[in-house]
Every structure is written in structure tokens, then in C-alpha cells.
Amino acid sequence: MMQLKVQPIDIKVGKYKVVMNTIDAKELGVNEGDRVRIKDHRVLTAIVDFTEDMIAPGMIGLYHEVQEQLKKEWTETVEVEPADKPKSTRIIRKVMDGKRLDRDEIYELVKDIVEENLNDIELAAFLTATYIKDLSEDETEWLTKAMIDTGERIEFATTPIMDKHSIGGVPGNKISLLIVPIVAANGLLIPKTSSRAITGAGGTADLMEILAPVEFTAQQIKEMTEKVGGVIVWGGATNIAPADDKLIRIEYPLSIDPHCQLLASIMAKKGAVGAQKVVMDIPTGAGTKIPDVKTGRKLARDLINLGDRLGMDVDCALTYGASPVGRTVGPALEVIEALQVLETMEGPNSLIEKSAALAGMLLEMGGVAAKGQGHDLAIETLKNGKAFAKLKEIIEIQGGDPNVTYRDIKVGQYTAELKAPTNGYVLEFHNKRIVQIARLAGAPNDKGAGVRIHKKRGEEVKAGQPVLTIYAEKEDKLADAIKNAREDLPIVVEGMLLEKVADITELK
Ligand SMILES: O=P(O)(O)OC[C@H]1O[C@H](OP(=O)(O)O)[C@H](O)[C@@H]1O
Ligand SMILES: O=c1cc[nH]c(=O)[nH]1
């Protein structure tokens with residue numbers, strides 16, 4: 001055990017973390033990423049970082065979260081001793097070894113995730129292990145229930161509670177901005193929580209944040225939904241299924257979304273808000289998370305089964321995902337396209353039809369449209385302006401400007417075009433490359449960054465015509481994105497020369 005003097009570090013790191021001088025850490029016998037127990041009037045376990053110079057020997061740097069818990073002053077000292085790894089590191093090791101977990105082990109693991117007892121390496125190991133070998137149906141059910149039970153739940157007095165979620169994976173999937181107001185405008189309650197981007201360049205929470213704040217407590221979500229019929233908020237800001245966002249944070253840089261995590265992440269968010277009737281969007285096709293209809297049907301079966309286990313009525317829509325939805329990818333560009341449809345009914349068919357189809361399913365499930373009439377009612381709700389009026393109410397209740405129009409939304413000031421190298425038809429369109437380019441341009445964090453698509457699969461293009469415009473808020477990011485796009489074109493035009501090779505030494 002050591003007595004160390006406290007040095008506050010006023011940075012939030014989202015975990016209980018401390019920094020020790022390497023000399024002290026070695027003497028104490030801890031390695032980077034290990035835990036130490038900090039003893040004061042209470043005991044707290046924190047993960048250790050090392051430094052040679054930021055913290056002097058004899059001192060310990062306490063990040064914001066630890067300071068908050070201990071309420072320590074600059075001059076005070078604490079007792080520090082090595083702590084055992086939490087039990088769930090052994091549970092993760094079991095998953096890595098391909099062994100099955102029981103219910104208690106899953107609950108222990110999720111508890112440690114929520115309490116920030118695991119470091120990023122351990123979380124990445126867990127996610128990677130489940131990416132390589134999926135959890136069983138029982139394990140996935142326990143994971144989902146543990147995610148729900150470790151957070152807050154919303155209970156509405158009325159029924160039915162509707163919800164919608166997409167598994168993601170198709171660029172430009174801004175449909176929630178249309179579906180939620182269509183459903184709410186028809187008198188149904190839809191407390192929609194979304195994630196930020198996971199594998200994409202803009203999740204629904206990233207998009208909605210342009211129009212209004214998205215961070216609310218469970219109680220606020222309940223009250224807002226009861227007042228205006230719906231909300232579009234970020235699940236990660238609430239204490240609803242709090243483990244979810246902690247895992248998504250690790251999935252994002254790895255660009256992975258393991259099957260069991262996807263199921264648990266989505267269904268925990270739905271279960272925690274008390275959703276009873278849910279439509280799942282499963283984008284299917286090359287360059288999505290689901291390569292073909294057969295795999296899509298299997299996922300649909302898994303979602304419906306998990307819904308049964310949780311007492312939720314789930315219908316799935318396998319949707320075309322081999323090309324982006326609409327023609328924009330990246331938060332601000334997507335919001336413009338969605339608002340334009342709501343305001344004027346003008347916009348890409350893929351966006352209008354997909355939104356109407358899924359909203360229509362919900363309207364039928366909720367009993368406000370007769371069987372087979374949901375799609376038409378959804379289109380009608382868009383055309384008569386009721387969906388747009390409802391979105392304005394949602395924006396207002398969430399604290400945004402209800403008078404916003406698509407013309408007010410700012411996109412990145414730096415732009416560059418990618419032109420067709422030859423005349424012909426667009427034969428291939430690579431979703432993942434579009435997302436990669438939009439991310440290089442700064443999306444989703446730079447809200448104005450993204451890609452506008454001028455030519456999609458099957459469309460005719462003339463040599464020199466723009467096929468994409470890239471938008472960025474920062475000049476260097478635009479340069480990175482355009483360089484990457486030109487090196488490996490995200491589209492293939494019929495007859496296009498892919499590469500000239502004259503000298504074998506040029507071949508990598
Ligand atoms: O980044 P990728 O993996 O493409 O997708 C993640 C997106 O998909 C879901 O969309 P919604 O909330 O149903 O609209 C999530 O909430 C998130 O916004
Ligand atoms: O919310 C979501 C959507 C897709 N995949 C997830 O893991 N969570």
C-alpha cells in the first residue's frame with residue numbers, strides 16, 4: 001500500500017481512472033490497465049494509466065469521475081493498493097475460449113460494464129470474441145434482459161407503445177425522421193431512442209441533434225412522448241440500457257456490430273421504453289450488415305424470437321440496402337433531404353417509399369390503418385403536412401426551433417466533386433466506400449461533412465459529370481477524403497478502365 005498526494009485532473013473520461021508516475025506504479029506492482037483500490041472514507045476501484053512526467057512521484061492524478069466520487073481536495077492524500085481484476089475479466093476469457101456463459105455470469109458482466117469496471121481492451125476482447133463466435137439464443141436473451149435491468153425503464157399508462165429500429169448498415173438511412181412523426185401524427189405513441197453512428201457516417205441521434213437536443217432522462221422521454229406522441233432521442237444519454245452505449249463506443253472504431261450485440265442493443269432499448277409493437281428495418285444486400293435475403297430472414301427470425309421472449313410483438317422489413325437510401329450521407333445533408341420531403345414531398349423515391357412502407361406497417365400494427373392500408377395512410381400523412389407539423393412539435397418539445405426549414409441547415413463549406421471517368425451506366429456502387437469517404441471528410445462528428453450522390457446504380461453518366469460531391473467542415477479532411485476517393489473509386493461505370501499497369505515495379 002502507498003500514500004499518495006492527490007492531483008486533480010479536470011477531464012471527464014467516462015470511467016474511474018487515475019494516473020500514476022511509472023516509478024510509483026512499478027513499486028506498487030501494477031501494470032498499465034490494472035486496477036488500484038483507492039481508500040478514503042470510501043473505497044473505489046479505478047483503472048491505472050502511467051506517466052513519466054505529467055504526475056510526479058508521490059502523487060496520483062484523479063480524473064473527474066474519481067474526484068466526484070471521492071470528493072478529494074488538492075492537498076489531501078489517499079491510500080492506494082493493487083486491486084484484483086473484476087470477476088468478469090474471467091467471464092470474458094470464457095467467451096474468448098468459446099465456452100458458454102450462464103445467466104449469472106452475463107448479469108455480472110453487464111453490471112461491470114455499466115459500473116465502468118472494465119477497461120477498453122477487455123471490452124474490445126469481449127466484443128471481438130462474440131464477433132468471432134456468436135452467443136447462443138439463451139445468452140443473447142440474458143444479455144438483453146441484463147441490459148434492461150441495469151438501467152431505468154419507462155412505463156406508459158396507455159397502450160399500444162409503438163417503436164421502430166433499424167439494424168443500420170445502409171448509408172443515408174434517415175427514415176426515422178419521417179417515420180416517427182408519421183406514426184405520432186396518427187395518434188400513436190412512439191418513444192424512439194436511437195444510437196449514434198455505429199458502422200455508418202450518421203446515426204439517427206447524430207441527425208436529430210441538428211434539429212434539437214437529444215439528451216434526456218427516462219422521465220423526460222416519457223413526459224414528452226405523452227405530450228406530443230413521439231420523441232427522437234439518443235439512447236446513450238439516458239440511463240435506459242446504459243451498457244449499450246458503452247459497447248457501441250468500442251464497436252465504432254472497430255466498425256463491427258456482432259450479431260448478438262446487435263440483437264441485445266436494439267431489443268434492450270425497445271424493452272426499456274416499454275415498446276409493445278415494433279418494426280425492424282433490416283437493410284439487405286452487398287455492402288450492408290446482411291449480405292442476402294436468406295441471412296436477412298434468419299435475423300428476422302432471431303429478432304421475432306427475442307421479441308417473443310421479451311413479450312414484444314416484432315415485425316421485420318427486409319429492405320433494399322445495396323444502394324444508399326436517398327442521395328445524401330452524413331448528418332446535415334441527411335437532415336436536409338428528410339426535411340425537404342416533409343416540407344415539399346419532393347425527394348428521392350427510395351426515401352419516401354421506404355419510410356411510407358415501414359410507417360405503414362406500424363400504423364397497421366397499431367390498429368389505426370386497416371390491413372393493407374398503412375402505406376397509403378403514411379403517404380397521405382406526409383402529403384397533407386401532418387407529419388411535418390408533428391415533427392415541428394417534436395423538435396419544439398425537445399428544445400429545438402420548430403420553425404426550422406431545410407434551407408436553414410448548414411453543410412460543410414469545403415466541397416469537392418468526384419467525376420465519372422467515362423461515359424456509361426453506373427454498374428457498382430460501394431456502400432462501405434461511401435461511408436469511409438464521408439467519415440474521412442469528418443462525419444458524423446463534423447455534422448456538415450458527408451457525401452451527396454448524383455449518380456446511383458443503373459443511372460447513366462457522361463464522362464466528366466460529377467458522381468459525388470464531398471462536403472467537409474475542414475480543408476484537410478476534405479483533402480483526405482478526396483484523395484482516398486480518387487485512389488479507389490467508390491463507383492464503377494460500365495466500360496471504365498480500372499487501372500493502367502505498364503511497369504511491374506509499380507505493383508504493390
Ligand atoms: O451506423 P450504422 O451501423 O449504419 O447504424 C446505426 C443506426 O441504426 C439505427 O438507426 P435508427 O435509430 O433505427 O434510425 C441506430 O439507432 C443508429 O442510428
Ligand atoms: O441500435 C443499434 C442499431 C444497430 N446495431 C446496434 O448494435 N444497435
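Helix 6 and helix 12 cross each other in a right-handed way. You are looking at a predicted model, so take a moment to find these two helices in it: helix 6 covers residues 137-149 and helix 12 covers residues 293-310. They pack at an angle of about 55 degrees, and their axes are 11 Å apart. Because of that angle, helix 6 counts as oblique to helix 12. Which residues make the contact? Helix 6 brings E137, T140, E141 and T144, while helix 12 brings N305, L306, R309 and L310. Sorted by class, the residues of this contact are two nonpolar, three polar and three charged.

Now let's move to helix 17, which runs over residues 431-440. Is this helix mostly covered or mostly uncovered? It is mostly covered, with seven of its 10 residues buried. Those buried residues are N431, I434, V435, I437, A438, R439 and L440.

Our last stop is ligand 1. How many residues surround it? There are 15, and the closest are G168, S194, G200, G203 and T204. Two elements give two or more residues each to this shell: strand 7 (162-166) and helix 8 (204-211). The shell around ligand 1 contains 11 polar residues, along with three nonpolar residues and one charged residue.

How values were computed. Residues are numbered from 1 along each chain as its sequence is written. Chains are lettered from A and ligands numbered from 1 in the order in which they are written. This is a predicted model: local features need pLDDT of at least 70, side-chain atom pairs count only at pLDDT 80 or more; totals for chains, interfaces and linings use all residues. A residue is near a molecule or strand if its C-beta atom, placed from the backbone, lies within 6 Å of it. Helices (H or I, at least four residues) and strands (E, at least two) are DSSP runs, numbered from the N terminus. Ala, Val, Leu, Ile, Met, Phe, Trp, Tyr, Cys and Pro count as nonpolar, Asp, Glu, Lys and Arg as charged, and the others, Gly among them, as polar. Axes are lines fitted to C-alpha atoms, for helices over the stretch in contact, and angles run from 0 to 180 degrees between N-to-C directions. Angles under 35 degrees count as roughly parallel, over 145 as roughly antiparallel, 65 to 115 as roughly perpendicular and the rest as oblique. A crossing is left-handed if the near helix is turned anticlockwise from the far one by less than a right angle, and right-handed if clockwise. Two residues are in contact if their C-beta atoms, placed from the backbone, lie within 7 Å. A residue is buried if 20 or more other C-beta atoms lie within 10 Å of its own, exposed if 12 or fewer, and partly exposed in between; C-beta atoms are placed from the backbone.
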